[in-house]
Amino acid sequence: MADRAVRKTGKNSQGDITRLCNEGDPWSPRSKADAIHDIENGIHTYHVPWTSGRTEIRVVNDSTKGKYLRTDRDTTTRNNLDDLPDC
């Protein structure tokens, strides 16, 4: 299992996360579907590195939207997947 840092995200025209990225890493970019599979099956973990530590990326299963990726809630929005630079 690898622990993968995410510093950028790809988004579609509606702003939904479509891929996770960390420039220079051989796994990057990783599609949303592949990252969800990795997390759910314990293959890899993903996180956003932050000055005060790390913010874990989780899979959310919404009855309307289906499965999507989200960071743990904390006191800042700057490490949210939606707010990361585009890749």
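Is Asn80 buried, exposed or partly exposed? With a relative accessibility of 24%, Asn80 counts as partly exposed, where buried means under 20% relative accessible area, exposed over 50%, and partly exposed in between, for a 1.4 Å probe and protein chains only. The model is a predicted one, in which local features need pLDDT of at least 70 and side-chain atom pairs count only at pLDDT 80 or more, while totals for chains, interfaces and linings use all residues. Residues are numbered from 1 along each chain as its sequence is written, and side-chain values use heavy atoms, with hydrogens and water left out.

**Strands and their pairing**

- Strands in this briefing are DSSP runs of E with at least two residues, helices are runs of H or I with at least four, and both are numbered from the N terminus; two strands pair if DSSP finds at least two bridges between them.
- An open sheet of three strands has the order β2-β3-β4 with antiparallel pairing, and its edge strands are β2 (8-11) and β4, each of which pairs on one side only.
- Four bridges connect β2 and β3 in the antiparallel sense, and these two strands form a hairpin with five residues between them, where Gly15 in the turn has a positive phi of about 90°.
- Arg19, which lies in strand β3, is the bridge partner of Gly10 and has Ser31 as its bridge partner in β4.
- Arg19 is partly exposed, because its relative accessible area is 29%, and its C-alpha lies 17 Å from that of Ala2, which is 17 residues away in sequence.
- Strand β6 (residues 53-62) and β7 run antiparallel and are joined by six bridges; the two form a hairpin with three residues between them, and Val60 stands opposite Tyr68 in β7.

- A search of the whole structure finds one aromatic pair, formed by Trp27 and Tyr46 in an edge-to-face arrangement, with 5.7 Å from centre to centre and 80° between the planes.
- For such pairs, the rings of Phe, Tyr and Trp (its six-membered ring) must have centres within 6.5 Å, and planes under 30 degrees apart count as stacked, over 60 as edge-to-face and the rest as tilted.
- The pair links distant parts of the chain, since Trp27 is in the loop between β3 (17-21) and β4 (30-31) whereas Tyr46 is in strand β5 (residues 44-50), 19 residues apart.

**Side-chain contacts**

- A polar contact is a pair of N or O atoms within 3.5 Å; within protein, one must be able to donate a hydrogen and the other to accept it, and residues adjacent in sequence count only if both atoms are side-chain atoms.
- The side chains of Thr9 and Lys11 are joined by a polar contact of 2.7 Å; Thr9 is found in strand β2 and is buried, because its relative accessible area is 0%.
- Asn80, located in the segment after β7 (66-71), makes a side-chain polar contact of 3.3 Å with Thr71, while the C-alpha atoms of Asn80 and Ile39, 41 residues apart along the chain, are separated by 17 Å.
- The charged end of Lys65 sits over the ring of Tyr68, 5.2 Å from its centre, the criterion being that NZ of Lys or CZ of Arg is within 6 Å of the ring centre and within 35 degrees of the ring normal.

**The largest pocket**

- About 320 Å³ of space lies in the largest pocket, a volume being the space filled by probe spheres set on grid points that are joined across faces, edges and corners.
- On a 1 Å grid over the protein atoms alone, a pocket is an open set of points with protein on both sides within 12 Å along at least five of seven lines, whereas a cavity is a set where a 1.4 Å probe fits but cannot get out; lining residues have an atom within 4 Å of a point.
- The lining includes Gly15, Lys65, Tyr68, Thr71 and Asn80, and β7 gives the most to it, with four residues.
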